[in-house]
Amino acid sequence: MAVDATMHLTRPGRRDAFLDWIQMLSGATLILFMWSHMILVSSVIVSPKVMDAIAWFFEATYMAQIGGPVIFCIFLVHFVLAARKMPFAANDQKTIWSHAKLLKHRDTWLWLVQAGTAMIILIMGGIHMWVVLNDLPISAMKSAARMSSTGWTFFYLILLPMVEMHVSVGFYRIGVKWGVISSGTRPAAKRAELILFAVFMVVGLLTIIRFLTLA
């Protein structure tokens with residue numbers, strides 16, 4: 001007897017579409033936050049006084065005290081929504097890897113990169129936010145003192161590429177999923193993704209080096 005190949009498939013409903021929309025908005029918010037965060041923290045390259053002045057502004061306006069927990073909540077919401085589509089079971093992970101190898105499709109591998117970096121960011125990003133928010137006010141010398149510890153240096157050398165990969169791939173995939181990036185513009189969008197990753201990696205590494213020189 002023939003078996004209907006679609007009998008086990010469920011059509012996405014309005015609830016799924018709504019959750020996807022919230023996932024996209026939370027992801028876009030976090031991307032903008034990470035870019036802004038990198039730019040503001042990297043101001044230490046110009047001068048520690050510039051970074052301290054920016055940090056003071058965020059403290060004085062309570063943006064750090066309020067915005068920090070808000071970003072952390074958005075961070076958790078985004079992960080929970082994204083986790084709906086992540087393969088946590090061993091058999092599911094094996095299937096995903098075998099399909100990715102079979103298809104040899106770059107965008108499929110990019111999704112795997114996002115899923116893998118998300119798990120690392122969930123743990124390491126949570127630790128980073130917890131430590132920073134429990135040691136307010138932020139200052140260049142505080143950050144430098146923390147960074148000078150060998151353990152924290154390696155911590156940020158791991159966290160930095162994980163975040164930048166996740167952000168640049170996420171920026172690209174949001175554009176593809178919501179139709180901003182078409183099949184014709186994908187090559188240019190992929191180049192832009194790589195450029196964004198490279199630029200923020202360089203800025204991030206220079207920032208870490210600058211902090212180490214201050215310690």
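Predicted model: local features only at pLDDT ≥ 70, side-chain atom pairs only at ≥ 80, totals over all residues.

**The whole chain**

Of the 215 residues, 36% are buried. If contacts are displayed for residues at least 6 apart in sequence, 80% of them join residues at least 24 apart.

**Helices α1 and α3**

Select residues 14-41, helix α1, together with residues 63-83, helix α3. Two packed helices are described by the angle between their axes and the distance between the axes. Here the axes come within 9 Å and cross at roughly 135°, which makes α1 oblique to α3. The crossing is left-handed. Now show side chains at the contact. From α1, display Leu 19, Ile 22, Gln 23, Ser 26, Gly 27, Thr 29, Leu 30 and Phe 33; from α3, display Ile 71, Ile 74, Phe 75, His 78, Leu 81 and Ala 82.

**Helices α1 and α8**

On the α1 side, the contact is made by Trp 35, Met 38 and Val 41. On the α8 side, select Leu 196, Phe 200, Val 203, Gly 204, Thr 207 and Phe 211.

Next, centre the view on Ser 43, which lies in the loop between α1 and α2 (48-60). Is Ser 43 buried or exposed? Its relative accessibility is 8%, and Ser 43 therefore counts as buried, the cut-off being under 20%. Leaving aside neighbours within four places in sequence, Ser 43 is in contact with Val 50, Met 51 and Ile 54.

**Helix α6**

Select residues 140-147, helix α6, and colour Ala 140, Ser 143, Ala 144, Arg 146 and Met 147, which are buried. Why do these residues lie on the same side of α6? They cover an arc of only 165° around the axis, which puts them on the same side of the helix. As background, an α-helix has 3.6 residues a turn, so residues three or four places apart point the same way.

Val 169 is buried, with a relative accessible area of 3%. Not counting residues up to four places away in sequence, Val 169 touches Leu 110, Val 113, Gln 114 and Glu 193. A distance drawn between the C-alpha atoms of Val 169 and Val 113 gives 8.1 Å, although 56 residues along the chain lie between these two positions as their separation.

Arg 173 is partly exposed, with a relative accessible area of 29%. With residues up to four places away in sequence left out, Arg 173 touches Leu 110, Trp 111 and Gln 114. The C-alpha atoms of Arg 173 and Gln 114 are separated by 9.7 Å, and the two residues are 59 residues apart along the chain.

Methods
Residues numbered from 1 in each chain as written. Heavy atoms only, no water. Buried < 20%, exposed > 50% of the residue type's maximum accessible area, 1.4 Å probe, protein only. Contact = heavy atoms within 4.5 Å. Helix = DSSP H or I, 4+ residues; strand = E, 2+ residues; numbered from the N terminus. Arc of directions from axis to C-beta. Axes fitted to C-alpha atoms, helices over the stretch in contact; angles between N-to-C directions. Parallel < 35°, antiparallel > 145°, perpendicular 65-115°, else oblique. Left-handed = near helix turned anticlockwise from the far one by under 90°.
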